[in-house]
Amino acid sequence: MKRTALVAGAGGFIGHHMVNFLKARDYDVRGVDIKEPEYEPTAADDFRILDLRRREACIEATRDMDEVYQLAADMGGIGFISGNHADVASNNILINAHMLEASELNGVARYFYSSSACIYPLYMQNTPDVGGLKEDDAYPAQPEEGYGWEKLYAEKMCEYYDEEGRIPTRVARFHNVYGPLGTYDGGREKAPAAISRKVALADHGGEIEVWGDGLQTRSFMYVDDCVEGIFRIMQSDYSAPLNLGTEELITVNGLVDLVANVAGKTIRKRHDLSKPQGVRGRNSDNTLLTEVLGWGPSKLLADGMKPTYSWIYEQLANAEAQARRAS
Ligand SMILES: NC(=O)c1ccc[n+]([C@@H]2O[C@H](COP(=O)([O-])OP(=O)(O)OC[C@H]3O[C@@H](n4cnc5c(N)ncnc54)[C@H](O)[C@@H]3O)[C@@H](O)[C@H]2O)c1
């Protein structure tokens, strides 16, 4: 018999790619979300629109599932999460509390939770030139307001369920995931997609707005590495949280230059210091991940941004052609 897997958040960026990954490994996949995937039809065998803040919806979603991949969250880029603390914290804690309880009730064999690098203490991320964050650095805690506190508490809930033998859990802390089929406009997009959109819309020699002074640093992980990492962590016997990201640190200005280079354009930057820019510097330390899995994300940013930029460019070109036809 095929193994069954639930992907919660299958209408979203990573969830949609996760469904494809599991289908390619012959899983029987159920996808659940409050919306259909935006950019292409789902490959899930069974896709249901359910609001996972509701306990009954979580019970329906997890019924008859061997594995649960919990990727549903009310989230977005730094502009969105820093402006919606109450919604983000309350919606996500409802989803995560009900999903764990429902998974136990339905006898799910294993549960994956998608945490974030936003759980790491702000006091360790005050300079662009940061060392990688290790899993143990999470405490004493001072996570990102709203989103980060909720993620840290949901990690703890997974730990308690696992420790008490109620349901085996696995947890990864993602560091900035990017790739094709991710949100690129509307306010929830992340830096790589937002910068790609701005560069695609700018003329050669033109100017784009950059949030902050552009000296803030991050590392970015290609979505194919992310879903492979999720699967490997899920199959491993390691239940404590693991970083899942790359150690390739780059400034936001560097990211703009890289995207401009992919696009073949010269682009000037106009820095807007009034916009949220998040922590000053953040990087992953993959020592533990590599030790546990014997594997780590390997796609270089310059390689991953090529298909990402091309996909966003195509979306924008199609939208423009459609608008021209309609007028
Ligand atoms: N993308 C990143 O860089 C990143 C970084 C760190 C952590 N994460 C985590 O990874 C997971 C997936 O992120 P993503 O980038 O795919 O985000 P996404 O926003 O594309 O996907 C999340 C999905 O959850 C769905 N959702 C929200 N509320 C729901 C509800 N009440 N019921 C059912 N579905 C609901 C959304 O509709 C969306 O489709 C999330 O837990 C996120 O916090 C992502």
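Mentor: Helices (H or I, at least four residues) and strands (E, at least two) are DSSP runs, numbered from the N terminus. This is a predicted model, where local features need pLDDT of at least 70 and side-chain atom pairs count only at pLDDT 80 or more, while totals for chains, interfaces and linings use all residues. Residues are numbered from 1 along each chain as its sequence is written.

Trainee: How much of the chain counts as buried?

Mentor: Of the 327 residues, 48% count as buried, meaning that 20 or more other C-beta atoms, placed from the backbone, lie within 10 Å of the residue's own, whereas exposed means 12 or fewer and partly exposed is in between.

Trainee: Which residues of helix H6 are buried?

Mentor: Helix H6 (residues 191-201) is mostly covered, with 10 of its 11 residues buried, and among them are Pro192, Ile195, Arg197 and Val199. The cover over these buried residues includes strands E7 (177-178) and E8 (207-211) as well as helices H8 (252-263) and H10 (301-326).

Trainee: Switching topic, which residues come nearest the ligand?

Mentor: Gly12, Ile14, Ala73, Ser116 and Phe174 come nearest, out of 26 residues around the ligand, where near means a C-beta atom, placed from the backbone, within 6 Å. Helix H1 (13-24), helix H4 (85-105) and strand E5 (110-116) are the elements that give two or more residues to this shell, and the largest share, three residues, comes from H1.

Trainee: Last one: is aspartate 272 buried, exposed or partly exposed?

Mentor: Aspartate 272 is partly exposed, because 13 other C-beta atoms lie within 10 Å. Aspartate 272 sits in strand E13 (residues 268-272) and, not counting residues up to four places away in sequence, touches Glu209 and Trp211, a contact being two C-beta atoms, placed from the backbone, within 7 Å. The C-alpha atoms of aspartate 272 and glycine 212 are 5.4 Å apart, although the two residues are separated by 60 residues along the chain.
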